[in-house]
Amino acid sequence: MPSDREPFVVVGGDAAGLSAASKCRRESDREVVVYEKGSWVSYAHCGTPYFVKGEVDELTDLLSLSPDEVDERGIELCRNHEVLDVDTEARTVSVAGPDGEFEQPYGDLLVATGARALTSPVDGTDLDGAHTLHGLDSAAGIRAHLLDPDTDHLADVGGEAFVDRERVERYGAMDPPETVAIVGGGYVGIEMAEAFSTHQCDVHLFQRGAHVLPPFGEAVAERVEAELRERGVTLHLETEVAELTGSEGRVEHLVCTGGTELDTELALVGVGIQPNTELVADEPVGTGPGGAIVVDDHGRTGVDGVYAAGDCATMEHAVTGEPEWVPLGLTANRAGRAIGSTVAGDPEPVGTIAGTGVLKAFDCEAGRTGIIDPDRAREAGFDPVSETVTAGSRSGYYPGGSETDVTLVADRNSGLLLGGSIVGTDRAAIRVDILATAIEQGATVGELERTDLAYAPPFSPVWDPVLVGAKVLRGSVEAE
Ligand code: FAD
């Protein structure tokens, strides 16, 4: 039987884990223990490209809560403690900390272990100069590598009490790279292209597929690619990287399967992430898309008292109703918070996701939500109709506007809005929230077209680009 006399134990001290821990403590007097295997807690991965770029001064600027602030919330925070194993029969976890290993009983358990960066299938990623960007220490290593060896690197990156000093000092001693290779045209690769360019590097981006940013669709990809090229980034599309090679343990070359080679001193491998689910691999906990832990509408795994949230877990998709794995920040925070409330005694659903994402590539902004890919829509049982329009972001006579491309997808039979993307330079990305809201509410394209959006010349034309897209798409949906 679950016992709320035993603590609520949380594995992972970042977005999902600390949201749950904080909410539970706020709503109840239950004992809450958080185990975090690293030194950092409550940090923003999302800000790391901007830290590398230099727009964010110090690593500590990326913390939402310091360990002391976590402590003040009445949470027992154990940093540098790795949970090695879970026994859901005995309701215990095995923990390895600085003082050795011990067993911790739990009443409820939250697995909020996040994900890790993949490097496969690229060989040679153990060489110095081959980086991934996942966590503050990797960001600190990249920034140290980019700056002159004379820099006081530890002072520059900040957070001396937490940071991996050896890594910062090792990379800080290296000469800054002239040529940087980015492997992977996902959002990390694109954001980092901007960061490396700011450091005056010659940036080459390699993407296996025909376009960057596959989840955003072609209309977005083409504009982002144009922006990258205009800013001096060399794109190698349909080019698969096989390995990084070098001598004396340092990256010197990148080699592609088709024979293309590049001399480079720094390679960023951003080919995806994998959920950290090993802890429950031997427990009767199901996994689903992406290998993530499948949970129900309250974040429950199906094993009594065991919850999962954030990058290691699935969420229900608002359009398909099926479990999906879209590891993003709000999802982790929201699910964690809901689980914290549930274990405190006030059950709260974790909500659904529409896979809403935004990103910036230099001056170009893009957003996407829902189902854009027609094959994916057909697999989900829809008959997708899609239209792309280009419309002004402000009234034509008002300065500062720019062309905004909107792609909308709807189901031919029901008119249900399935997904969409937006790209442009004038507040394009945030407009995707209109689409996300409509999708979460189950709106048809006709209902979107009749939505009372704001209008004044500095902000939008009378017909916002989203409404123009909806008008055109409704015409197509009703054409047959
Ligand atoms: P994490 O933040 O990964 O935290 C998991 C924690 O668990 C880690 O601290 C880890 O050390 C700890 N842990 C793992 N295993 C154990 C164990 N066995 N014992 C103890 N502790 C353990 N999302 C957006 O929505 N917008 C963005 O712009 C955006 N940008 C991003 C940029 C980058 C470079 C990256 C890497 C991610 C970005 N994300 C973005 C994704 C977002 O950061 C994640 O979705 C979010 O951090 C997930 O939170 P989490 O708590 O599930 O996992």
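Modeller: A salt bridge is a side-chain nitrogen of Lys or Arg within 4 Å of a carboxyl oxygen of Asp or Glu. This is a predicted model, where local features need pLDDT of at least 70, side-chain atom pairs count only at pLDDT 80 or more, and totals for chains, interfaces and linings use all residues. Residues are numbered from 1 along each chain as its sequence is written, and side-chain values use heavy atoms, with hydrogens and water left out.

Biologist: Which residues are linked in a network of salt bridges?

Modeller: Side chains of opposite charge can pair when their charged atoms come close. Here K53, E55, E194 and K360 form such a network. K53 meets E55 at 3.0 Å, N to O. E194 meets K360 at 2.8 Å, N to O. Helices (H or I, at least four residues) and strands (E, at least two) are DSSP runs, numbered from the N terminus.

Biologist: Is E194 buried or exposed?

Modeller: Buried means under 20% relative accessible area, exposed over 50%, partly exposed in between (1.4 Å probe, protein chains only). E194 is buried, because its relative accessible area is 2%. K360 has 30%, so it counts as partly exposed.

Biologist: How many salt bridges does a search of the whole structure find?

Modeller: The search finds 25. One of them joins K23 and E27 at 3.0 Å, N to O. Both lie in helix α1, four residues apart, about one turn of the helix. K23 is buried, because its relative accessibility is 12%.
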